[in-house]
Amino acid sequence: MFGKLFFYLNQNLGKVFFGNPNSLYYNIFSKYHQNLISKKDRSDDQVKKYVNDGYFRTNVNSYELCNDIAKSLYKQKIDYNRAQFQFEIDDDLKHKIRSHINIEFKDTLNKIENFYNSKVAVAKVRIARNFHINNVGDEVYSNNYHVDHYTYNHFKLFINLMDVDICHGPLHLYSKNSTKKFLKKNKYKSRSNYNNEELENDLVTNTGKKGQSMIVNTTQCLHKAGFVEKGFYRDILFVTFITIPEKVSTDDFFYYEKFFKNTIWNTYDTSEILKIAKPKSLKKTISLFFKYYKNRIN
Ligand SMILES: [Fe+2]
């Protein structure tokens, strides 16, 4: 009885007190982490945007990597009967993605490390193709507005593997503040229960050229996969990161790979690494907070 009540309150009070549908515990965690652990370097525009809005467009060009990925994907037999197809990532491609993240995204990720005051590591890499779906109401590939239920130490990099226009169903998202507005305006109760009127002036879509990318705090910004029009599809590379709650000295963003060998690259594996930012109780949420506090860099 009390268990159920707590669960209900935890799931719903985030919306009331923080204006975002993540759980109450995770919202409190994030607020205290941001106030007591993180470092807000106001001189950097990207970090400033990440702190204020919850997302930013990177200035990294991944065009060459997109070409390498396209060459490898071309050989795969695509199942057109599914709404979303997950591509296999072979060893050669793993190597290319690893180097690209470690070298080209180093500066961007270092700035994010400074903000979180912790090292950052990859938790999951996924390459997928979204197809048109006939019934708009069906949620088949996160195409309803939601936030990811993790603490805010979990964030995502979305790299467009092709030129993406609105007809390809780009990622749709709202900044942290607009998320509040959206919930209110659309009487948002859950990802399957809300009115669906976009806030035209606030909506952000990840349209752009092949190789462009965006970093989004998907735990705080309402987001969804956009609607793919008939005859189109969208290829995307998703990289999920978390911050490391231990004291480590590494420059390898694939730090966890040596502990959890296949989990990063295996789409169907519920990643042990992701679970770090998904504490299962209030007690575990508090102890995770203190772990980050104790092991902060500065
Ligand atoms: Fe999501």
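# Helix pairs and buried faces

The axes of helix H4 (residues 63-73) and helix H5 (residues 91-104) come within 10 Å and cross at roughly 165°. This is a predicted model, in which local features need pLDDT of at least 70, side-chain atom pairs count only at pLDDT 80 or more, and totals for chains, interfaces and linings use all residues. Residues are numbered from 1 along each chain as its sequence is written.

Me: Why is H4 called roughly antiparallel to H5?
Reply: Axes are lines fitted to C-alpha atoms, for helices over the stretch in contact, and angles run from 0 to 180 degrees between N-to-C directions. Angles under 35 degrees count as roughly parallel, over 145 as roughly antiparallel, 65 to 115 as roughly perpendicular and the rest as oblique. The axes of H4 and H5 cross at roughly 165°, so H4 is roughly antiparallel to H5.

Me: Which residues of H4 and H5 meet?
Reply: Leu 65, Asp 68, Ile 69 and Ser 72 in H4 meet Leu 93, Lys 96 and His 100 in H5; contact requires C-beta atoms, placed from the backbone, within 7 Å. These residues divide into 3 nonpolar, 2 polar and 2 charged. Ala, Val, Leu, Ile, Met, Phe, Trp, Tyr, Cys and Pro count as nonpolar, Asp, Glu, Lys and Arg as charged, and the others, Gly among them, as polar.

Me: What makes H2 roughly parallel to H8?
Reply: The axes of helix H2 (residues 24-36) and helix H8 (residues 282-294) come within 10 Å and cross at roughly 15°. That angle makes H2 roughly parallel to H8. The residues of their contact divide into 8 nonpolar, 2 polar and no charged.

Me: How do you know that the buried residues of H3 line one face of the helix?
Reply: Val 47, Tyr 50 and Asp 53 are buried in helix H3 (residues 45-53). A residue is buried if 20 or more other C-beta atoms lie within 10 Å of its own, exposed if 12 or fewer, and partly exposed in between, with C-beta atoms placed from the backbone. Seen down the axis of H3, the buried residues fall within an arc of 165°, so they line one face. The arc is that of the directions from the helix axis to the C-beta atoms.

Me: What puts the buried residues of H7 on the same side?
Reply: In helix H7 (residues 176-185) the buried residues are Ser 178, Thr 179, Phe 182 and Leu 183. They cover an arc of only 145° around the axis, which puts them on the same side of H7. The buried residues of H7 pack against helix H1 (2-18).

Methods:
Helix = DSSP H or I, 4+ residues; strand = E, 2+ residues; numbered from the N terminus. Contact = placed C-beta atoms within 7 Å.
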